[in-house]
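Reader: I am new to this structure, and I would like to learn how to read a few of its features with some care. Could we take them one at a time?

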Amino acid sequence: MSGRDTGRLLHGQAVSSAQKIYLYLTEFFAGMSVMAVELGASRLLAPYFSSSQIVWTIIIGTIMIAMALGNIYGGRKADRDPSPDRLYGRIVTASIWIALIPVLGKYIIVGISALMIFTVDTNFLIWAAFAACMVIFVFPLFLLGTVTPSLVKYTVDSLDDNGKTVGALNAANTIGSIIGTFLPTFVTIPAVGTSVTFLIFAGILLVLALIYFISHKIRSVRAGVAVILLIVSCILGSKDHFAFWEDGLVYEGESVYNYLQVKEDQEQVSLSTNVMFGVQSVYRKDGGLTNTFVDYALAAPLMAGRDGEEDLQVLMLGVGAGTYAVKCRQYFEHVQVEGVEIDGKITRLARNYFHLPDDVPVSEYDGRAFLNVTDRKYDVIFVDAYQDITIPFQMSTVEFFHRVSRHLTEDGVMVVNLNMWERNTDGINAWLMDTISCVFDHVYTVDVPATTNCELFASHRDGIQERLRDSLAGIGNVQLQDLMRQISRSLRKYEPGDHIMTDDRAPVELLGIRVIDDLIRQEVSYYRELYDREGIGGIRRVLGL
């Protein structure tokens with residue numbers, strides 16, 4: 001070999017073209033698997049910690065840490081040992097770990113959350129999500145991070161073409177990463193779920209390693225164990241049961257956008273998009289009021305003050321399970337309701353489980369984007385576009401509320417469900433209400449008792465409270481009439497401050513995390529006190545464990 005030749009050998013022989021192609025394929029599938037695991041991580045964590053930008057930041061950050069450490073370790077190991085045997089052994093280990101995530105991941109998340117609740121006072125979601133990411137995902141991605149530097153060592157034959165070889169490896173990794181980004185999001189997760197997605201890519205990595213060992217006649221006990229564990233994981237982990245402690249689930253699944261859970265008991269059916277926090281929609285089997293924020297939002301059609309036989313036009317931005325549409329149709333004559341819901345799977349659940357009528361049209365669209373493409377005006381626009389426990393940034397800004405305003409009739413009313421009520425003058429609701437007050441001349445709010453919700457009513461025309469009061473006599477349902485009378489007495493005019501959110505600056509994630517911390521602190525205060533008095537035995541006694 002010349003002085004410029006690196007003398008690359010594979011098991012004592014020069015690397016053949018076929019062997020090089022297989023090494024490039026290894027780079028391709030490793031890149032694909034890294035991105036698939038990253039997207040799977042977001043879906044595994046979302047039912048417990050939300051899918052906010054903060055959680056995404058944690059996922060990306062921890063994965064980059066794992067990959068960076070893997071790059072360093074892989075390069076050093078390749079310099080010491082020019083044979084790929086150990087690399088493919090690490091790929092086998094990574095495949096085992098990824099295959100076990102559907103089996104053990106949800107228990108690890110719940111266990112870490114339970115521990116954090118008793119040890120962390122602030123930023124619970126941030127610390128719990130970070131800890132879960134570190135425990136579940138760092139190790140397998142650290143191992144996959146060793147692939148690229150190792151393959152550079154194995155594939156570079158000469159300093160004359162090392163740039164070409166490294167470029168080809170990076171291209172293979174990038175192309176794999178692109179496919180690994182689109183395939184889980186648009187194909188495997190909506191079709192077969194997050195758990196099976198992890199199993200698919202664990203299987204790809206394992207097959208990649210097995211082909212290498214078989215073609216080089218290498219016996220690997222680790223690979224044999226991996227095959228057994230993958231089979232066990234396929235049996236135990238193929239069910240997407242995130243809320244494993246729940247009874248009465250009639251549906252649990254995933255869409256492109258959400259984890260979805262429908263729960264039913266003798267009195268009602270409820271929809272949740274998050275395991276640990278909140279219920280998004282409720283349908284009561286007796287046909288009465290829901291005892292939720294939806295009932296309070298029914299004041300908006302009365303505030304619009306429409307008289308005569310002409311239909312009152314209602315638009316819902318965020319349909320959820322369609323409870324608001326059902327109640328508007330139930331209690332008001334001459335009302336036309338249409339909705340916008342970005343998640344088509346939620347709409348199908350609404351029609352199957354929550355009695356959303358087929359003649360209520362629902363556009364599968366982003367709420368803000370819908371307002372950009374329609375020129376219709378509405379008497380009531382109901383904004384309830386929370387995604388799990390977070391507020392979409394694009395539907396919380398001055399620019400968005402200006403768009404809503406342009407689609408209201410002269411006497412129209414916008415009603416907004418504020419899902420995380422707090423009394424702080426610089427909290428998330430204060431920011432939202434100040435922002436809305438920049439657009440609308442008259443803003444009123446009312447708290448929803450025994451919940452964290454607050455309903456906001458906004459209009460350019462004064463007299464919201466008076467029009468609601470004047471409409472009371474015309475309400476035929478006694479229960480609804482009593483509630484509307486209570487709302488008319490409880491409405492308070494909002495005095496705006498100077499917290500304004502724009503498309504350029506809307507810190508909704510940070511503000512929301514602070515509210516969630518307060519809610520968690522209130523919920524677990526009893527258990528903390530019990531733990532201080534009686535230790536873990538007291539907790540087990542109360543929970544019946």
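Author: We can begin with a single residue, keeping in mind that this is a predicted model. Ser42 has a relative accessibility of 9%, and because buried means under 20%, Ser42 counts as buried.

Reader: Where does Ser42 lie, and which residues does Ser42 touch, leaving aside those up to four places away in sequence?

Author: Ser42 is part of helix α1, and, with residues up to four places away in sequence not counted, Ser42 touches Trp56 and Ile59.

Reader: How do the axes of helix α1 and helix α3 cross?

Author: The axes of α1, residues 17-49, and α3, residues 85-119, come within 11 Å and cross at roughly 5 degrees. Since angles under 35 degrees count as roughly parallel, α1 is roughly parallel to α3. On the α1 side, the residues making the contact include Tyr22, Leu23, Val37 and Phe49, while those of α3 include Tyr88, Ile91, Lys106 and Ser113. Sorted by class, this contact of α1 with α3 has 13 nonpolar, three polar and one charged residues.

Reader: Which residues line the largest cavity?

Author: Among them are Val383, Asp384, Tyr386, Phe401, Asn417 and Leu432. Strand β11, residues 408-418, gives the largest share of this lining, three residues, and by class the lining has 10 nonpolar, one polar and one charged residues.

Technical notes
Residues numbered from 1 in each chain as written. Predicted model: local features only at pLDDT ≥ 70, side-chain atom pairs only at ≥ 80, totals over all residues. Heavy atoms only, no water. Axes fitted to C-alpha atoms, helices over the stretch in contact; angles between N-to-C directions. Helix = DSSP H or I, 4+ residues; strand = E, 2+ residues; numbered from the N terminus. Parallel < 35°, antiparallel > 145°, perpendicular 65-115°, else oblique. Contact = heavy atoms within 4.5 Å. Nonpolar A, V, L, I, M, F, W, Y, C, P; charged D, E, K, R; others polar. 1 Å grid on protein atoms, 1.4 Å probe; cavity = no way out; pocket = protein on both sides within 12 Å on 5 of 7 lines; lining within 4 Å. Buried < 20%, exposed > 50% of the residue type's maximum accessible area, 1.4 Å probe, protein only.
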